[in-house]
Amino acid sequence: MSLLHVQSASELLAIVQEAVGDGYTVTGDEELIGAGEDEEHGGRTDDRRRAADIERALGDAEVAAVVTIRGGAWFTRVLPMIDFTVLDARTEPVAVFGFSELTTLVNIVAGHAKGVGIYDMGPAFLAYGLKRHAEVDLGMSDSGSPTPDEWMRARLSAEFRAFHGDVVSMIEGRGTDRAITAELIRGDLPDHSEVSFVGGNLTVLMTLVGSKHQRCIDPAGRWLLIEDLNEKPERIDRFLAQLTLAGFWDNCAGILLGDFHRCDRNLTDATSELLSYHLPSTRSIPVLKTGDVGHTWPMSPLPLNVPVKLGRLDGCRFEVVVEPSLWRGS
């Protein structure tokens with residue numbers, strides 16, 4: 001919060017309120033937003049309060065969107081405490097924006113008729129994303145002027161507000177300018193097709209395999225999105241092997257390979273090579289590679305479990321096209 005020059009959760013909520021405008025009332029549990037973590041003693045001690053906060057929001061007919069500020073460390077273990085049947089009683093859709101550890105929540109919500117799951121960054125990620133963009137993509141260094149940290153700080157506040165303005169644009173059906181483009185690196189695709197996506201952060205995705213929520217990430221007839229941060233290639237290989245053993249490639253329509261990196265090492269191509277050891281030789285599953293989705297900036301949002309269009313731009317380059325109404329569950 002200090003990077004945004006706010007001293008409390010209430011000040012942070014006030015900034016979000018200003019960004020979204022008078023058409024919506026921004027609320028949030030200030031104690032949860034400001035909670036600390038202790039990784040040597042269970043991480044957090046507010047599991048039931050976090051679960052109740054999510055369940056209350058999903059069941060509240062007045063809530064139009066749930067925006068997760070951070071990636072959600074220690075969140076996956078609270079899933080069994082959440083009664084997702086509250087979504088079945090809704091008459092109007094509710095959108096949930098999140099990524100990383102919130103992969104589970106976004107996919108589960110997207111699996112309900114009145115849930116709209118949008119895989120998009122938590123805005124607290126902006127500090128890391130902007131600084132890494134300056135270092136890796138713009139080639140800035142700590143000895144330069146501006147430094148990556150200075151470049152990030154100069155843009156953080158405006159980008160934070162712009163993100164929340166974009167959320168409003170999506171849930172009101174106007175869409176977003178943050179488009180996803182991708183390169184076809186395996187298989188064939190027609191110039192135009194209709195597809196739907198499930199998935200997200202690979203490490204977190206694995207927690208739903210074999211669970212009662214597996215149907216929400218089942219790629220049968222759908223594309224599987226995978227991305228990850230700070231995982232070693234050998235661990236990525238184990239996760240891919242688990243998907244193989246679970247039969248995920250049997251009827252998977254395609255794979256969207258997002259950003260993989262560990263510190264300053266880009267591991268997307270390494271992950272692509274690992275995939276070749278796991279994908280079946282009996283069928284050609286198309287694979288698209290994109291730098292627009294994952295722990296990267298700029299990151300583009302992707303709605304899950306809804307029909308979107310893939311269109312060829314030129315050669316092996318494709319674009320994901322989302323009808324504006326789909327962002328609000330229409």
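Because the model is predicted, local features need pLDDT of at least 70 and side-chain atom pairs count only at pLDDT 80 or more, while totals for chains, interfaces and linings use all residues. Residues are numbered from 1 along each chain as its sequence is written, and side-chain values use heavy atoms, with hydrogens and water left out.

**The open sheet**

An open sheet of mixed pairing is formed by 4 strands in the order β1-β2-β3-β11. Helices (H or I, at least four residues) and strands (E, at least two) are DSSP runs numbered from the N terminus, and two strands pair if DSSP finds at least two bridges between them. At the edges stand β1 (65-67) and β11 (302-303), each of which pairs on one side only. Strand β2 (residues 94-98) is joined to β1 in the parallel sense by 3 bridges, and Val96 in β2 is the bridge partner of Val66. Helix α4 (residues 103-110) packs on this sheet and touches β2 and β3 (115-119); contact means heavy atoms within 4.5 Å. The direction of α4 makes about 145° with that of β3, where axes are lines fitted to C-alpha atoms, for helices over the stretch in contact, and angles run from 0 to 180 degrees between N-to-C directions.

Of the 9 residues of strand β8 (residues 254-262), 8 are buried, so the strand is largely enclosed by the rest of the structure. Buried means under 20% relative accessible area, exposed over 50%, and partly exposed in between (1.4 Å probe, protein chains only). The pairings of β8 are listed below.

| Partner of β8 | Sense | Bridges | Example pair |
|---|---|---|---|
| β7 | parallel | 6 bridges | Asp228 and Phe260 |
| β10 | parallel | 3 bridges | Ile255 and Val287 |

From β7 the chain crosses through helix α8 (residues 233-245) to β8 in a right-handed β-α-β crossover; right-handed means that, with the strands pointing away from the viewer, the path from the first strand over the helix to the second runs clockwise. With β9, β8 forms a hairpin that has 2 residues between the strands, and Cys263 in the turn has a positive phi of about 55°.

**Glu227**

Strand β7 (residues 223-229) contains Glu227, which is buried at a relative accessible area of 0%. Beyond its neighbours within four places in sequence, Glu227 is in contact with residues including Ser100, Tyr119, Asp259, Phe260 and His295. The side chains of Glu227 and His295 make a polar contact (3.0 Å), that is, a pair of N or O atoms within 3.5 Å; within protein, one must be able to donate a hydrogen and the other to accept it, and residues adjacent in sequence count only if both atoms are side-chain atoms.

**Backbone geometry**

Most residues other than glycine have a negative phi, and most peptide bonds are trans. Ser100, a contact of Glu227, has a positive phi of about 55°. Ser100 lies in the loop between β2 and α4 and is buried at 16% relative accessibility. Trp74, in the loop between β1 and β2, has a phi near 65° and is partly exposed at 27% relative accessibility.

The peptide bond from Ser145 to Pro146 is cis, with omega near 0°; Pro146 belongs to the loop between α5 (126-137) and α6 (148-171). Trp297 and Pro298 are also joined by a cis peptide bond, with omega about -5°, and Pro298 is found in the loop between β10 (287-289) and β11.
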